[in-house]
Amino acid sequence: MKYLIKLIKLIDKHIESAIIFVCYFSMAGIIFIEVIRRYFFQVQSAWSTTIPIYLFLWVTWLGASYNTRKRTHLKFDEVRLRFPYKIQFCCQILDALCWYIFAAVVVYYTWEQVMLSRENFQFVDGTDDVMQWWFYLATPFAWSLIFIRVTQNLIDDIKNFSKGKPFFIRSSLGD
């Protein structure tokens, strides 16, 4: 059981960065190889311009989840620092509620897009067997992770508030 808990903690800590690394490395590799092929051999794979774009979906949405976990995504901390402690806590809760609502809307509507793409057997342009929905799945997956990250942050905020500890609020954009 303790190994399972260790595994879950490891996945929780590294899931975004691991997937981002694989996608980014794949994008760079595809682009590099295809530039060489085009320049030296005057050939190009038909999918070489579309797959990197679809991989970028994974990079951007998981980057949003990663930055939400690190509390560096879309916040107005310069103003919040000037508020009294209880108002800061209320702002943290308001942030979480806004994130939850937005995440629910995004997951609901993008899941529809994923299912439409899957049910219509949409292939990536230039391929015969690479499905578009595999890439479209990035949005609901990452936004589900954002939901989890916001919950983790909110739990930390509630613990800090109950103990009277300061919240994790960045004092400037350069921190």
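I count a contact when heavy atoms lie within 4.5 Å. With that cut-off, and leaving out residues up to four places away in sequence, I found Trp111 touching Val106, Leu137 and Pro140.

A note on sources: this is a predicted model, where local features need pLDDT of at least 70, side-chain atom pairs count only at pLDDT 80 or more, and totals for chains, interfaces and linings use all residues. Numbering runs from 1 along each chain as its sequence is written, and side-chain values use heavy atoms, without hydrogens and water.

I placed Trp111 in helix α4 (helices are DSSP runs of H or I, at least four residues, numbered from the N terminus). Is Trp111 buried, exposed or partly exposed? Its relative accessibility is 41%, so it counts as partly exposed (buried is under 20%, exposed over 50%, partly exposed in between, with a 1.4 Å probe and protein chains only). Its C-alpha is 9.9 Å from that of Ala138, 27 residues away along the chain.

Next I looked at α4 against α6. Helix α4 (residues 85–119) packs on α6 (residues 138–163) at about 165°, with the axes 9 Å apart; axes are lines fitted to C-alpha atoms over the stretch in contact, and angles run from 0 to 180 degrees between N-to-C directions. The two helices are therefore roughly antiparallel (angles over 145 degrees).

Then I listed the buried residues of α4, among them Phe89, Trp99, Tyr100 and Val106. Their cover includes α2 (51–69), α3 (77–80), α5 (133–136) and α6.

Last, I checked the residue just after α4: Phe121 has a positive phi of about 50°.

Methods:
Parallel < 35°, antiparallel > 145°, perpendicular 65-115°, else oblique.
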